[in-house]
Amino acid sequence: MTPESLAALGAFVVFNFAAASSGAVFKPGAWYEGLAKPGWTPPNIAFPVVWTVLFLLNAVAGWLVWEASGPAAWPALAAYAVSLVLNAGWSALFFGAKRMDAALLEVAALFASIALVAVLFAAHSRTAAALQLPYLAWVSLAAVLNYRLLRMNPQG
């Protein structure tokens, strides 16, 4: 791996963990703990572990696209950047503002953006597109959980 390639990978890792930092700023806290939750809610420890793996996979996916196509990948990478912004916004809405309703709309937009990224990435790297699938699956679970929490806690 060349120094330039390594620097590009490092940049993708930084971008992903900058988005992930929203989850560190807007933590679940007592409000979340007090919500009624479905029995299938993942344990709290699962969230940072799964998100760390997903953000690393996402960083590698972005890097693979950049390595495969460089500047020609800008449309795909712009969609990728939007998905990172949407991801960061969900924690701010759900945990920060305690707006499960707005967060549900946000997570639907996040799902759509990840699906679009997977489609756009496929033109540059099938591996990068495939790396979006676990992310899409986890966001699907998050969306259903967000919906169930909203339904079980209409008072917010």
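Asn146 is buried, at a relative accessible area of 1%, where buried denotes under 20% relative accessible area, exposed over 50% and partly exposed the range in between (1.4 Å probe, protein chains only). This residue is found in helix H7; helices (H or I, at least four residues) and strands (E, at least two) are DSSP runs numbered from the N terminus. With neighbours within four places in sequence left aside, Asn146 is in contact (heavy atoms within 4.5 Å) with Trp90, Phe94, Met100, Ala103, Leu104 and Val107.

The structure is a predicted model, in which local features need pLDDT of at least 70 and side-chain atom pairs count only at pLDDT 80 or more, whereas totals for chains, interfaces and linings use all residues. Residues are numbered from 1 along each chain as its sequence is written, and side-chain values use heavy atoms, with hydrogens and water left out.

The largest nonpolar core comprises 41 residues, and those with the most contacts inside it are Tyr32, Phe94 and Phe121. Such a core is a set of buried Ala, Val, Leu, Ile, Met, Phe, Trp, Tyr and Cys residues joined through side-chain atoms within 4.5 Å. At least two residues of this core are supplied by each of helix H1 (3-25), helix H2 (29-33), helix H3 (46-69), helix H4 (74-96), helix H5 (100-122), helix H6 (126-130) and helix H7 (132-152). Helix H4 provides the largest share, nine residues. In soluble globular proteins, nonpolar side chains tend to be buried together.

Phe94, a residue of helix H4, counts as buried at 1% relative accessibility. Residues up to four places away in sequence not counted, Phe94 touches Trp31, Tyr32, Arg99, Met100, Ala103, Asn146 and Leu149. Between Phe94 and Trp51, the C-alpha to C-alpha separation is 16 Å, and the two are 43 residues apart in sequence.

Aromatic pairs were searched for in the whole structure, and 15 were found. Rings of Phe, Tyr and Trp (its six-membered ring) pair if their centres lie within 6.5 Å; planes under 30 degrees apart count as stacked, over 60 as edge-to-face and the rest as tilted. Tyr32 and Phe94 form an edge-to-face pair, 6.4 Å centre to centre with 65° between the planes. Because Tyr32 lies in helix H2 and Phe94 in helix H4, this pair ties together parts that are 62 residues apart in sequence. The pair of Tyr32 and Phe95 is likewise edge-to-face, since the ring centres are 5.6 Å apart and the planes stand at 80°. Phe95 also lies in helix H4, so its pairing with Tyr32 of helix H2 ties together parts 63 residues apart in sequence. Tyr32 counts as buried at 4% relative accessibility, as does Phe95 at 14%. One aromatic cluster is formed by Trp31, Tyr32, Trp90, Phe94 and Phe95.

The largest pocket has a volume of about 620 Å³. On a 1 Å grid over the protein atoms alone, a pocket is an open set of points with protein on both sides within 12 Å along at least five of seven lines, and lining residues have an atom within 4 Å of a point. Grid points are joined across faces, edges and corners, and the volume is the space filled by probe spheres set on the points. Of the 30 lining residues, Gly23, Phe47, Trp51, Ser91 and Phe95 are the closest to the pocket centre. Helices H1, H3, H4, H5 and H7 are the elements that give two or more residues to this lining.

Pro42, in the loop between H2 and H3, is buried with a relative accessible area of 13%. Not counting residues up to four places away in sequence, Pro42 touches Phe47, Trp138, Leu141 and Leu145. The C-alpha atoms of Pro42 and Ala18, 24 residues apart along the chain, are separated by 24 Å. Ser125, in the loop between H5 and H6, is buried with a relative accessible area of 13%. Beyond its neighbours within four places in sequence, Ser125 is in contact with Leu64 and Val65. Lys98, in the loop between H4 and H5, is partly exposed with a relative accessible area of 38%. Phi of Lys98 is near 55°, a positive value in a residue other than glycine. Most residues other than glycine have a negative phi.

Technical notes. On a 1 Å grid over the protein atoms alone, a cavity is a set of points where a 1.4 Å probe fits but cannot get out, and a pocket is an open set with protein on both sides within 12 Å along at least five of seven lines; lining residues have an atom within 4 Å of a point.
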